[in-house]
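Hello,

I am handing over the structure we talked about. Please open it first, then read my notes below.

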Amino acid sequence: MVVVNRASDVSQLGDVDDLDEEPGEVIESAPPLRVGQERELNNSGLKKRLLHKGIGWETPDSGDEVTVHYVGSLLDGGAFDSTRDRNEPSTFTLGRGEFVFGLDQGIATMTEGEIALFTVPPHLGYGEAGRQGVPPNSVVQFEVQLISWITVVDVCKDGGIVKKIMEKGNKNAQPGDFDEVLVKYKVKLDDDSVVAQTSEKGIEFYMKDGQLCPALPKAIKTMKRGEKVKLIVQPQ
């Protein structure tokens, strides 16, 4: 676990609103769904009906870890799976095919706390095989509540350093090679044994000098002030 508390002499990034637009350029997008409204997503046959609006505008990306409650049912209303009955939400990685493929697409359109009803065609659901409680080639429906998600970043794009953002930072700027940072960290092995740890005050160092291992400054370069992350570092 790593927390960046301060970075000095860091160049500020420009606001997205400052980006130039071509004269007369129009960016088309579908208007937000209203509660009770239904829409087909990407001409895929997958339909979304908004039941309860979420918070904010951010949505999860492929590779993020999402936590949801869901109730899966047939069109006649018969439920075949429910996390609410088990009183335990489900957590999985979005876009990896760990759940119903159609829901990977649907959940990627949701904001935190949103509840939506997805009507999933067979080719995005359980297909010709079906499953227990779902006949082959069935259209199914899932009522989904997006509880939360953790943003996951492959720092070096090779799986060597994976960053899970537990708490977001409060600045746009990120530290560079010649900046001094103050960080707190705790290093654990697979068996949960602690092999290194800073004091509560943290430790200061210049990025160019490095600290602990090569993976740490590489990850810190992608972090913002106040950001708290979990790093998974492969041996290499």
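**What I found**

Start with Thr-67. Leaving aside neighbours within four places in sequence, Thr-67 is in contact with Pro-89, Ser-90, Thr-91, Gln-145, Leu-146, Ile-147 and Ser-148. One of these partners, Thr-91, also makes a polar contact with Thr-67, side chain to side chain, at 2.8 Å. Thr-67 sits in strand S4, residues 65-74. Its relative accessible area is 16%, so Thr-67 counts as buried, the cut-off being under 20%. Keep in mind that this is a predicted model.

Next, the nonpolar cores. The largest one has 24 residues. Ile-107, Phe-118, Val-120, Phe-142 and Val-144 have the most contacts inside it. Two or more residues each come from S4, helix H2 (101-107), strand S7 (115-120) and strand S8 (140-154). S8 gives the largest share, 5 residues. Look at Phe-142 there. Another core, of 16 residues, lies apart from the largest one. Among its members are Tyr-185, Phe-205, Met-207 and Ala-219.

Last, Thr-119. This residue is found in strand S7. Thr-119 is buried, because its relative accessible area is 13% and the limit is 20%. Its side chain makes a polar contact with the side chain of Gln-141, at 3.1 Å. Beyond four places in sequence, Thr-119 also touches Glu-38, Gly-45, Leu-46, Lys-47, Val-139 and Val-140, among others. Glu-38 is 81 residues away along the chain, yet the two C-alpha atoms are separated by 9.8 Å.

Best wishes

How values were computed
Residues numbered from 1 in each chain as written. Predicted model: local features only at pLDDT ≥ 70, side-chain atom pairs only at ≥ 80, totals over all residues. Heavy atoms only, no water. Helix = DSSP H or I, 4+ residues; strand = E, 2+ residues; numbered from the N terminus. Buried < 20%, exposed > 50% of the residue type's maximum accessible area, 1.4 Å probe, protein only. Polar contact = N/O pair within 3.5 Å; in protein donor to acceptor, adjacent residues only side chain to side chain. Contact = heavy atoms within 4.5 Å. Core = buried A, V, L, I, M, F, W, Y, C linked by side-chain atoms within 4.5 Å.
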